[in-house]
Amino acid sequence: MKKEYKKSKVIYYTDELNDDFDEIDGVKKRPPLKNNYNYQRKGIIRFFDFLLYYFIAKPILGFYCLFHGIKVKNKGYLRLLKRKGAFFYSNHVAISDVFKFQSLIIFSKKVNIIGYSDASQIPIAKFLVKSLGYMPIPDNANNLLHFKEIIAENILKRKEYILIYPEAHIWPYYTKIRPFKSVSFYYPAMLNAPIVPITTTWRKVWYSKKPRQTIIFSKPIYPKEELGVNENKEYLRDECYQEMMRVSLKFPQYEYIKYIKKDENEK
């Protein structure tokens, strides 16, 4: 069920897979990563990352979520993970998506985030995002190898969480689930790790013209033992998409920005 605010902004789109309606200030295009990008923090730097993450970032982000009226449902499903590392998949509807889940998921677990290189190139912020667990997508063979090693270590050894936005691009205030590819489900399929779909919905509030987020956790989904990596990749993608679609349709949503697909024949 979906309702509209009286004065909705309208955005026209052509491609649900590739259109992006958010641009980080100062970043015109995604810059390449350095060769042999260092994904792993070690020694005293890792200790300071721990202090920053748990004692500064998490409390601040928690206050941010409270101040912005973000609500959470079904967080108890996380107990079903039984101290396992897991992958979380969410729709991408706000720039705050990048770090808000680090305060919404249990305190004792670190949430690493996979995303484009944009966030790692913003002045000043680029020195902090790595401390907060941001992992830019590799763009060359050397970085890809190191990237895979760190993901396996975070999931299998440290039992941490990894957050992925399979839609890839931000559509602010969007109330539906956009189609996404199975490529981002390769890692849970390879590591035989569970995934947790998370759906962000938009609800009307009395104190603001803009809607506020309700974030709904779903039950963990596990790869099937009888399937290979490629088959499980497709299976996990389909199950995740169907669950996110089910949740987005179940909960009432309020449309603050109307998205309309442009006719391909229009100039």
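1. Two strands are said to pair if DSSP finds at least two bridges between them. Helices (H or I, at least four residues) and strands (E, at least two) are DSSP runs, numbered from the N terminus. The model is a predicted one, in which local features need pLDDT of at least 70 and side-chain atom pairs count only at pLDDT 80 or more, while totals for chains, interfaces and linings use all residues. Residues are numbered from 1 along each chain as its sequence is written, and side-chain values use heavy atoms, with hydrogens and water left out.

2. Strand β4 pairs with β5 in the parallel sense over three bridges, and G115 stands opposite P136 in β5. With β6, too, β4 pairs in the parallel sense over three bridges; here N112 is the residue opposite I162 of β6.

3. Is β4 enclosed or open? Five of its five residues are buried, so the strand is largely enclosed by the rest of the structure. Buried means under 20% relative accessible area, exposed over 50%, and partly exposed in between (1.4 Å probe, protein chains only). In a regular strand the side chains alternate between the two faces of the sheet. In β4, V111, I113 and G115 point one way and N112 and I114 the other, all of them buried.

4. Helix α4 covers residues 141-157. At 1.5 Å a residue its 17 residues should span 24 Å, and its end C-alpha atoms are 24 Å apart, which agrees; the expected span is 1.5 Å times one less than the number of residues. Its buried residues are N143, F147, I150, I151, N154 and I155. The face turned away from the buried side carries the exposed residues A141, L145 and K157.

5. The cover over the buried residues of α4 includes β3 (86-90), β4 (111-115), β5 (134-136), β6 (161-164) and α5 (186-191), where contact means heavy atoms within 4.5 Å. Just after the helix, K159 takes a positive phi of about 60°.

6. Helix α2 (residues 97-104) is mostly covered, eight of its eight residues being buried. K100 is among them. G62, found in helix α1 (residues 43-67), is 38 residues from K100 in sequence and 7.8 Å away in space, C-alpha to C-alpha. At 30% relative accessibility, G62 counts as partly exposed.

7. How many salt bridges are there? The count comes to five, a salt bridge being a side-chain nitrogen of Lys or Arg within 4 Å of a carboxyl oxygen of Asp or Glu. One of them joins R158 to E153, with the closest N and O atoms 2.9 Å apart; R158 is partly exposed at 25% relative accessibility, as is E153 at 23%. Another links R237 and D238 (3.0 Å, N to O).

8. R246 and E243 also meet in a salt bridge (2.8 Å, N to O). Because they are three residues apart in helix α6 (residues 229-250), about one helical turn separates them. R246 is partly exposed at 43% relative accessibility, whereas E243 is buried at 17%.
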